[in-house]
Amino acid sequence: MRTLILVSTVVVALTVPFFGYIMAFMGSTLSVMGTMLLPCLCYIRIKELGRRLGLEFMVIVGILIFGVVVGVVGTYTSVRQIAEHL
């Protein structure tokens, strides 16, 4: 199964133009959401930290802001690379 997935990915990468840029775009948006934003939002929801403004809440908000900045910069860079190579 692993070999089949690897071979199919190589075939798609060789046949689809801008495959690397598309993967960078998807990675910059989805990985930031899945690894930084979603866990922090779920933690806030579970712990109900929104009701109190403490140090923990401020650190989580800082992580959320950093995640949004990283996601926007990564997405912008990916879109710019795709536009440059069109």
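Predicted model: local features only at pLDDT ≥ 70, side-chain atom pairs only at ≥ 80, totals over all residues.
Axes here are lines fitted to C-alpha atoms, for helices over the stretch in contact, and the angle between two of them runs from 0 to 180 degrees between N-to-C directions.

Let's begin with the helix pair. Two packed helices are described by the angle between their axes and the distance between the axes. Here, helix H2 covers residues 19-47 and helix H3 covers residues 55-84. They pack at about 170°, and their axes are 9 Å apart. Angles over 145 degrees count as roughly antiparallel. H2 and H3 are therefore roughly antiparallel to each other.

Now the core. Which residues form the largest nonpolar core? There are 7 of them: Val32, Leu37, Cys40, Ile44, Phe57, Ile60 and Leu64. H2 and H3 are the elements that give two or more residues to this core. H2 supplies the largest share, 4 residues.

Take Leu37 from that list. Leaving aside residues up to four places away in sequence, Leu37 touches Val32, Leu64, Gly67 and Val68. Of these, Val32 and Leu64 are also listed in the core.

Next, the cysteines. How many disulfides does the structure hold? The count is 0. Look at Cys40. Cys40 is in no disulfide, and the nearest cysteine sulfur, that of Cys42, is 9.4 Å away. A disulfide needs the two sulfur atoms within 2.5 Å. Cys42 is in no disulfide either; for Cys42 the nearest cysteine sulfur is that of Cys40. Buried or exposed? Cys40 is buried, at 12% relative accessible area. Cys42 counts as partly exposed, at 38% relative accessibility.

On to the loop between helix H1, residues 2-15, and H2. Phe18 sits in that loop. Most residues other than glycine have a negative phi. Phe18 has a positive one, near 65°. If you want to find its side chain on screen, note that Phe18 counts as partly exposed, with 29% relative accessibility.

Last stop, helix H1. Leu14 lies in this helix. Is Leu14 buried or exposed? Leu14 is exposed, with a relative accessible area of 71%. How far apart are the C-alpha atoms of Leu14 and Val69? They are separated by 32 Å, and the two residues are 55 residues apart along the chain.

That's the tour. Questions, please.

Key: Residues numbered from 1 in each chain as written. Heavy atoms only, no water. Parallel < 35°, antiparallel > 145°, perpendicular 65-115°, else oblique. Core = buried A, V, L, I, M, F, W, Y, C linked by side-chain atoms within 4.5 Å. Buried < 20%, exposed > 50% of the residue type's maximum accessible area, 1.4 Å probe, protein only. Contact = heavy atoms within 4.5 Å.
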